[in-house]
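Please look over the sequence and the structure shown below before reading on. The report that follows takes up one residue and then turns to the place where two chains meet.

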Amino acid sequence: MYPSLLSFPGDLFAEFDALQRQMDRLLGPRGNTSSIRAVERGFPAVNIGNTPDAVEVYAFAPGIDPGKIELTVDKGLLTIAGERRTAPPETAPKTNVYARERVDGAFRRVIALPEDADPERVDASYRDGVLRIRVQRREAARPRRIEVSGATA
Amino acid sequence: MSTTQEVVTRAAAQAPQEQRQQNVPALIPPVDIVEDDSGITLSADLPGVSREALQIRVDGDTLTLEAPIQLGEASELEPVYVERRAGRYLRSFTLSRELDSANVAATLKDGVLTLRLPKLEQARPRRIEVRAS
């Protein structure tokens, strides 16, 4: 017999734990944790990822004129603001509306950037309704390989 | 006659089982549905969907929208905060008989799909004169 389930051979439970941590890393915070500036999951929804030399923000903002998106970086905060009109401008007399699920009106989202983000080097593009914002990292923050010199005498 | 109640009330959750063959998690895209005299206009938010990838199917009286989400992100991207977790959109609607499913027109611009479902000619409203007897 095994003394306890927790010392099961093969460390089965440790593997579950590793899997759980891997899921958390891949999927980001879940459940009862949320970003302090996006508790209610506003519009647009965002996905954020890191690459070795940049932070990439994908904002799901369909049906917006890219020229009218207001994008600012101030004190480490990235702000995406704008307005979206989904309702038709004129309402014909004989129309029935059965669903109005799409976001209509002004929106604003604020995202905290990591400390090493460089506010001077931000570029943004808009394709298929997704706004992609790339904030470059500062040169000093990138991983560097340091040569170890041989010991002398 | 109940014209389009079915279109409104049935979403992907009630779609037939065979519509959900794949086990990939799917997002239900938000829609606006407006009816006028000549047909129904459906608008759906599908950010991250290209025109080539979008599938619109009419099978019997079921209209299905399905599309993978493609962000074109760099391969070394490590997710740190994710609100959109599914890789595709899926939503179905049950059409009603007076809609002309053979003449559905669709446009996709900046991630917004606009579908026009015209009514059959005989189903358009007509004014019936009441003659004095």
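## A loop residue in chain B

In this predicted model, B:Asp100 lies in the loop that runs between strand E7 (88–94) and strand E8 (105–109) of chain B.

When its neighbours within four places in sequence are left aside, B:Asp100 is in contact with B:Pro118, B:Lys119 and B:Leu120. B:Ile128, by comparison, stands 28 residues from B:Asp100 along the chain, and the C-alpha atoms of these two residues are separated by 23 Å.

## Where chain B touches chain A

Between the two chains, 34 residues of chain B are in contact with 35 residues of chain A. On the side of chain B that touches chain A, at least two residues each come from helix H1 (5–9), strand E2 (31–36), strand E3 (39–45) and strand E6 (78–82) of chain B, and E2(B) gives the most, with six residues. Sorted by kind, the residues on this side of chain B comprise 17 nonpolar, five polar and 12 charged.

Technical notes. Residues numbered from 1 in each chain as written. Chains lettered and ligands numbered in written order. Predicted model: local features only at pLDDT ≥ 70, side-chain atom pairs only at ≥ 80, totals over all residues. Contact = placed C-beta atoms within 7 Å. Helix = DSSP H or I, 4+ residues; strand = E, 2+ residues; numbered from the N terminus. Nonpolar A, V, L, I, M, F, W, Y, C, P; charged D, E, K, R; others polar.
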